[in-house]
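Notebook open, viewer running. I'm jotting down what I look up as I go.

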Amino acid sequence: MKDNFGRDITYLRVSVTKRCNLNCVYCGKTVCEKKESELSPEEIEKLVSAFAKCGITKVRLTGGEPLVRNDICDILGRIRRIDGIRTLALTTNGVHLSRYAKDLKQAGLDSVNISLDSTDGSTYRHMTGADVLKKVLEGIEEAQRAGLSPIKINAVLMKGINSDGAGDLIELARENEIDVRFIELMPFSDEGENASLLVTGDEILRRYPFLEPVVSEEGFARYYASAGFRGRVGLIEPISHKFCSSCNRVRLLSDGKVRPCLGYETVYDLMPFIDDESRLIREAREIILRKPAGHSFENKNAAHGLNRTGG
Ligand code: SAM
């Protein structure tokens, strides 16, 4: 259905947990959430079903880290069976992916985005707080073997921290049928000001002039490639190229609240209506209608870290 600004809202991001097994520098402090406060697979199914009745066709599971939930395949299977859901995706840091890839595919997962900010072991450890680069690389291989498609790598560049390694990440798109996407650093860190660390999409294009535009209708990313590339390089630029006018998503948080825009703290709690299907659908419609016109990242720290919200 269309929101009040004429945008067709078709995409629901579902944070299944705030818990995470990494502690990325740009994501806010690690959250200790009790498992009991997370939605159950049945509750997630009810909430996603209500949104499907409002025109949602694509669901992405995220977190926190979705693969820390050992009932993740149950959650996927339930969503897969909901009428109207055509695309089922997941975003993960990849640490547990080699163990789960086949089961995720079997449970109905189509595609996976894997966060990887550096291919250098010590930079990776510095950015995530964990010495698990090898496991993530194994996870990417296992996802390919399991037939998950497309596979996309998400990287956040920070000046002076991992920005020199952008070329090595781009090489992954040359050598593999994988898209490597650079997401501009958003101001969510509890450390406060991080604008000086921002590497914009245009800076990446200046630094790697061999990248040429590829026509694509998908999502918000601008895509690039070069002769001999098997994958593409994508730029996601929420700071330098605001894409709110074509935003098609709302976010379900791990406690049953819904956030219509990542840039605002405003949330709507659906849990009081969890056992009333028609009320849930009415509330979901209202939330979509109330989606704000655009984010407000220019107001520093407008929102919580993505580990709490669901990236
Ligand atoms: N744990 C999963 C993962 O690591 O992919 C899913 C959650 S994570 C919050 C989702 C995405 O948000 C990751 O690709 C991460 O790089 C991105 N992200 C987190 N904080 C960010 C920030 N301040 N600016 C830009 N992207 C951010």
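**Entry 1: a glutamate and its partner**

I started at Glu237, which is buried, with a relative accessible area of 3%. My cut-offs: buried means under 20% relative accessible area, exposed over 50%, and partly exposed in between, with a 1.4 Å probe and protein chains only. Before going on, I noted that this is a predicted model, where local features need pLDDT of at least 70, side-chain atom pairs count only at pLDDT 80 or more, and totals for chains, interfaces and linings use all residues. Residues are numbered from 1 along each chain as its sequence is written, and side-chain values use heavy atoms, with hydrogens and water left out.

Which residue forms a salt bridge with Glu237? I found Arg222, with the closest N and O atoms 2.6 Å apart. For a salt bridge, a side-chain nitrogen of Lys or Arg has to be within 4 Å of a carboxyl oxygen of Asp or Glu. This pair links distant parts of the chain, 15 residues apart: Glu237 is in the loop between strand S9 (233–236) and strand S10 (249–252), while Arg222 is in strand S8 (residues 222–225). The element names come from DSSP runs numbered from the N terminus: helices are H or I with at least four residues, strands are E with at least two. Arg222 is partly exposed, at a relative accessible area of 27%.

**Entry 2: other salt bridges**

I looked up the count, and it comes to 24 salt bridges. One of them is Lys102 with Glu142, where the closest N and O atoms are 3.9 Å apart. Here too the pair links distant parts of the chain, with Lys102 in helix H3 (residues 97–107) and Glu142 in helix H5 (residues 133–146), 40 residues apart. Is Lys102 buried or exposed? At 57% relative accessibility, Lys102 counts as exposed. Glu142 is buried, at a relative accessible area of 16%.

I also checked Arg259, which forms a salt bridge with Glu265; their closest N and O atoms are 3.0 Å apart. Arg259 is buried, with a relative accessible area of 2%, and Glu265 is partly exposed at 35%. Elsewhere, salt bridges that share partners join Arg19, Glu38, Arg69 and Asp71 into one network.

**Entry 3: around the ligand**

How many residues are around the ligand? I got 19, and Tyr26, Gly64, Glu65, Ser115 and Met186 come nearest. To be near, a residue needs one of its heavy atoms within 4 Å of the molecule or strand in question. The shell divides into 8 nonpolar, 9 polar and 2 charged residues. In that sorting, Ala, Val, Leu, Ile, Met, Phe, Trp, Tyr, Cys and Pro count as nonpolar, Asp, Glu, Lys and Arg as charged, and the others, Gly among them, as polar.

Then I went through the atom pairs. A polar side-chain atom of Ser115 lies 2.5 Å from an oxygen atom of the ligand, and one of Tyr26 lies 3.1 Å from a ligand oxygen atom. With Met186 the backbone takes part: one of its polar backbone atoms is 2.8 Å from a nitrogen atom of the ligand. The protein covers 95% of the 550 Å² of accessible area that the ligand has on its own; such areas come from the Shrake-Rupley method with a 1.4 Å probe, and for residues only the protein chains shown count as cover.

Strand S3 (87–92) and strand S5 (151–156) each supply at least two residues of the shell.

**Entry 4**

S3 is mostly covered, with 5 of its 6 residues buried. Strand S2 (residues 58–62) pairs with S3 in the parallel sense over 4 bridges; two strands pair if DSSP finds at least two bridges between them. Leu61 has Leu90 in S3 as its bridge partner. S3 and strand S4 (residues 111–115) are also parallel, over 4 bridges, and Leu90 stands opposite Val112 in S4.

Zooming out, I found an open sheet of 12 strands with mixed pairing, in the order S7-S8-S9-S6-S5-S4-S3-S2-S1-S10-S11-S12. Strand S7 (212–214) and strand S12 (268–269) stand at the edges with a single partner strand each, so one side of each is left without a neighbour in the sheet.

Arg181 sits in strand S6 (residues 179–183) and is buried, with a relative accessible area of 11%. Its side chain makes a polar contact with the side chain of Asn154 (3.1 Å). A polar contact is a pair of N or O atoms within 3.5 Å; within protein, one must be able to donate a hydrogen and the other to accept it, and residues adjacent in sequence count only if both atoms are side-chain atoms.
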